[in-house]
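My notes follow in the order I took them.

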Amino acid sequence: MAFEDLLEDPVIQKYLHELVGPKGMPVAAAPPDGEVTDEELAEELGLELNDVRRALFILYENDLASYRRLRDEDSGWLTYLWTFKYENIPEKLEEEMHRLLDALEDRESYERDNEFYLCERCGIRFEFDEAMEFGFQCPECGDQVESMENTRLVDAMDERIATLRDELNVDHEREDAEA
Amino acid sequence: MSMAAIEEELSDDERAGLELIRESGGIHQSDFWKELDVSSRKGSRIVDSLADKELIQREETIYEGHNTYHLTPAPRDLDFSLLMAGDQLSPFIGDEEVDARSDAFSQWVMSLAYNE
């Protein structure tokens, strides 16, 4: 098996699981060295050929596998020879960290710039304007909505934003200047 | 010390050297100092320092008939657990669009605030 170090990381396992789902996980979790056919994988792992193919194509779409096709001279059949490209995983996850950082920055300012009201019975949250429109009564149950504290959310986001910026070496002074 | 902190303490020459190696994706030491426009001795001092700090990797090789090193950027060892909030992975993985107001992200943020 290849890429053992990478696959020990629980976040990477979770990432692969997220992409290929539980049925594809036996394929994603055991990348062989060198090239392999879908039939070989299905036999080795005791899986349905369709599940193996589905997992391989998801990995391919995410740049984590590639294939080349060979045509059998006699039968004319095509064979797909697959190679796992897990060396791309760190780069992909770095990209995901940047996407997460952008979303956190966006969400943090939304949470900071708005006041929220909560219907405790329904667990629904309203922005100030919405709450006012409804006369501060929940449109579902009619209960009064209460002003909701979100400092803890904002603080937690601020902290993760700072850690991500530091880890990704994002120069926030420059970003702030651009904004 | 974090990678960012190490990089902040680099001299200007070291920083320029690291940039060159990262941008080229890999370069021979014999080309490195010429590109950087420094003496070969200085080039080799910069490489020693970057290699000691594990910012680059060097491998002995023969290039244009001479023994030299091939210099490549060290894989960046990022802390991927920053994608997690509690036991939830970033909801944007596998999705084309990033929606910072989505319910899935709200749940992730709640988990960040209350499960960590």
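**Helix 3 against helix 4, chain A**

I started with a helix pair: helix 3 of chain A passes helix 4 of chain A in a right-handed crossing. I keep in mind that this is a predicted model. I looked up the two stretches: helix 3 of chain A covers residues 38-45, and helix 4 of chain A covers residues 49-61. Their axes come within 9 Å and cross at roughly 120°. That angle makes helix 3 of chain A oblique to helix 4 of chain A.

Which residues of helix 3 of chain A meet helix 4 of chain A? I found Asp38(A), Glu39(A), Leu41(A) and Ala42(A) on the helix 3 side. Facing them in helix 4 are Leu49(A), Val52(A), Arg53(A) and Leu56(A). I sorted the residues of this contact into five nonpolar, no polar and three charged.

**Helix 5 against helix 7, chain A**

Next I took helix 5 (residues 89-113) and helix 7 (residues 151-168) of chain A. Here the axes come within 9 Å and cross at roughly 150°. Over 145 degrees counts as roughly antiparallel, and helix 5 and helix 7 of chain A are therefore roughly antiparallel to each other. Their crossing is left-handed.

I listed the contact. Helix 5 of chain A brings residues including Met97(A), His98(A), Leu100(A), Leu101(A), Leu104(A) and Glu105(A). Arg107(A), Glu108(A), Glu111(A) and Arg112(A) also take part from helix 5.

**Glu108(A)**

Glu108(A) lies in helix 5 of chain A. Is Glu108(A) buried or exposed? I counted 20 other C-beta atoms within 10 Å, and Glu108(A) is buried. The cut-off for buried is 20 or more.

What does Glu108(A) touch beyond its neighbours within four places in sequence? I got Val154(A), Met157(A), Asp158(A) and Ile161(A). I also checked one C-alpha distance: Glu108(A) and Met157(A) are separated by 6.4 Å. Those two residues are 49 apart along the chain.

Most residues other than glycine have a negative phi. I looked for exceptions and wrote down two.

Phe136(A) has a phi near 60°. I placed Phe136(A) in the loop between helix 6 (128-133) and strand 6 (146-148) of chain A. Phe136(A) is partly exposed, with 16 other C-beta atoms within 10 Å.

Glu54(B) has a positive phi of about 60°, although it is not a glycine. I found Glu54(B) in the loop between helix 4 (40-52) and strand 2 (56-63) of chain B. Glu54(B) is exposed, with 11 other C-beta atoms within 10 Å.

**Chain A as a whole**

I then stepped back. Chain A has eight helices and six strands. Read along the sequence, the pattern is α-α-β-α-α-β-β-α-β-β-α-β-α-α. The radius of gyration of chain A is 24 Å, well over the 16 Å that the globule rule gives for 179 residues, so chain A is more spread out than a compact globule. Its C-alpha atoms fill a box of roughly 75 × 45 × 30 Å along the principal axes. I read 22% of the 179 residues as buried. Of the contacts in chain A with a separation of 6 or more, 51% join residues 24 or more positions apart.

**Chain B and its side towards chain A**

Chain B has five helices and five strands. Its order from the N terminus is α-α-β-α-α-β-β-β-β-α. For its 116 residues the globule rule gives 13 Å, but the radius of gyration is 20 Å, well over that, so chain B is more spread out than a compact globule. I noted a C-alpha box of roughly 60 × 30 × 20 Å for chain B. Buried residues make up 23% of chain B.

How many residues of chain B are in contact with chain A? I have 24 residues of chain B in contact with 29 residues of chain A. Helix 1 (3-8) and helix 5 (103-114) of chain B each supply at least two residues of that side. Helix 5 of chain B gives the most, with four residues. I sorted the side of chain B that touches chain A into 16 nonpolar, four polar and four charged residues.

Technical notes
Residues are numbered from 1 along each chain as its sequence is written. Chains are lettered from A and ligands numbered from 1 in the order in which they are written. This is a predicted model: local features need pLDDT of at least 70, side-chain atom pairs count only at pLDDT 80 or more; totals for chains, interfaces and linings use all residues. The radius of gyration is taken over C-alpha atoms; the globule rule is 2.2 Å times the number of residues to the power 0.38. A residue is buried if 20 or more other C-beta atoms lie within 10 Å of its own, exposed if 12 or fewer, and partly exposed in between; C-beta atoms are placed from the backbone. Two residues are in contact if their C-beta atoms, placed from the backbone, lie within 7 Å. Ala, Val, Leu, Ile, Met, Phe, Trp, Tyr, Cys and Pro count as nonpolar, Asp, Glu, Lys and Arg as charged, and the others, Gly among them, as polar. Axes are lines fitted to C-alpha atoms, for helices over the stretch in contact, and angles run from 0 to 180 degrees between N-to-C directions. Angles under 35 degrees count as roughly parallel, over 145 as roughly antiparallel, 65 to 115 as roughly perpendicular and the rest as oblique. A crossing is left-handed if the near helix is turned anticlockwise from the far one by less than a right angle, and right-handed if clockwise.
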